[in-house]
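Here is a short briefing on one protein model.

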Amino acid sequence: MNIHLRFGLQKDKEIIRDLSDKLDGLVIPAHILSYQSAVISAFVSSFTDMPFIIDPMTYLLQHPKVELTNGSGDLRKSISKMCAEYTPDVESVLLAHRQLSPNNIPDCEILCKGVRNQQLSISSKAATKKAEKYLKRYGRGDSVTPRFIVSPYFHFNSTSDQWYKLSLEMAQAMQTICSEKGDGIEAGVVIFVPADKLTDDEIATIASDYSKFKHIILWPGDFDERTANKAQIVNIRKLVSKLSEFAEVEILYAGFLLMTTAADGAKVVSHGLTYSQHKSFAVTPGGGGMPERYYIPKFRAFRSLSQTDIIFHQKPELMCDCPVCENLLQSNPDRIILFSDEPEKLREHFISVRKQEAIEMDNFDRSSLVSELRDIYHEYHSSICNLPNPDALVSGSNMNGLEYLNRWADGISEEL
Ligand SMILES: [Zn+2]
């Protein structure tokens, strides 16, 4: 299974470069590319072998205006720049409505052409003076063409939703445009799927509607791995398996649970450097980063550093033995605090564990994974949920347990 990193913050450029031997590709959000075009284009162009795609982020157009504007009522800079690259009038349309409906979205062909041009713009954007300075330092690679063009897409609730129909229309229009261009760059799609509402009929409809696409990216929007139940897991697996009959399926914002859909046919997962494990439609208010978190390999999940501290003192055998952790922890749980001074080591540790997990997925053994998840639950659940939670708003509450491992085991063991 391949790991593609979703680019989030400028400051991560260095660490992505350091970790590039463990990564198979990048996903660049379109508004970040529009906003910081020279720097991001130069960054992408500087790798010798780092495949990438651009996420067109068009679902942002569905959000209420108030979430897309700043205090003075103007569109946020990154979104305004992205819109300007897409079509001349989408910004004024956005500002004229409280929230867009499918009818307000610009004509399919015009929007698709704008989106396609933006996704092919890296090489020209990397030719500016500012970009040249960066490239002088790192050298110029050759990965300036995306793996495929990602069509505009929207969030929908069911296949009878107008937004679903519009997403499909956009995908078909993009496919026509790409094949007419004849430059060999194909169209791909994002299906922003409501995991909660999938039924066998919905899965069949989606598979039949998208049967002509070879690159399908799934974004299970309302799917939080920590709370996902058996039915949701089974539905996502069924969808992956059905789509994999004809397409290369990738998953956006995947954690370990979604990685296991490798066994159902998924080829790629993408996620951020610890921040964006799971993402839903809602826009998270800006300001204030997430607290630093540590990925506990045996739990297949992140915990805050203060929880990890308590957990490692109780169960030192849970300490990771990757080179980063071995070096920093030196088998001493007291040293976990050192991670807060070197947060980039948290990312290095996470990506090196994630790489191992990807290799595990290539040698997937359903029954041994299921028993491993259940074993970890039995061994640690009751002690973990009796530990005090240092992050709790109400003092005296305990940490969350590991019930999710059992739900995962239920969902993964099901015969499709
Ligand atoms: Zn580690």
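Two strands pair if DSSP finds at least two bridges between them. Helices (H or I, at least four residues) and strands (E, at least two) are DSSP runs, numbered from the N terminus. This is a predicted model: local features need pLDDT of at least 70, side-chain atom pairs count only at pLDDT 80 or more, and totals for chains, interfaces and linings use all residues. Residues are numbered from 1 along each chain as its sequence is written.

**The β9–β10 hairpin**
- Strands β9 and β10 (residues 301-304) run antiparallel and are joined by 4 bridges.
- Isoleucine 296 stands opposite alanine 301 in β10.
- The hairpin has 4 residues between the strands, and arginine 300 takes a positive phi near 55° there.
- Strand β9 (residues 293-296) is covered on both faces. Arg293 and Tyr295 are buried on one side, Tyr294 and Ile296 on the other.
- A residue is buried if 20 or more other C-beta atoms lie within 10 Å of its own, exposed if 12 or fewer, and partly exposed in between; C-beta atoms are placed from the backbone.

**Overall build**
- The protein has 18 helices and 10 strands.
- Its radius of gyration is 22 Å, close to the 22 Å that the globule rule gives for 416 residues, so the protein is as compact as a globular protein of that length. The radius is taken over C-alpha atoms, and the rule is 2.2 Å times the number of residues to the power 0.38.
- Of the 416 residues, 43% count as buried.

**The largest nonpolar core**
- A nonpolar core is a set of buried Ala, Val, Leu, Ile, Met, Phe, Trp, Tyr and Cys residues joined through C-beta atoms within 7 Å.
- The largest one holds 121 residues; Ile28, Val190, Phe192, Ile216, Leu218, Leu239 and Val269 touch the most other members.
- Helix α10 (residues 162-181) gives the largest share, 8 residues.
- Domain 1 (2-271) and domain 2 (293-413) both give residues to this core, so it lies between them.
- Phenylalanine 192 touches residues including Tyr59, Tyr153, Phe154 and Trp219, not counting residues up to four places away in sequence.

**The two domains**
- Domain bounds come from an automatic or database domain assignment.
- The C-alpha centres of domain 1 and domain 2 lie 30 Å apart.
- The contact takes 18 residues from domain 1 and 21 residues from domain 2. Two residues are in contact if their C-beta atoms, placed from the backbone, lie within 7 Å.
- On the domain 1 side, β1 (2-6), α12 (230-243) and α13 (256-259) each supply at least two residues.
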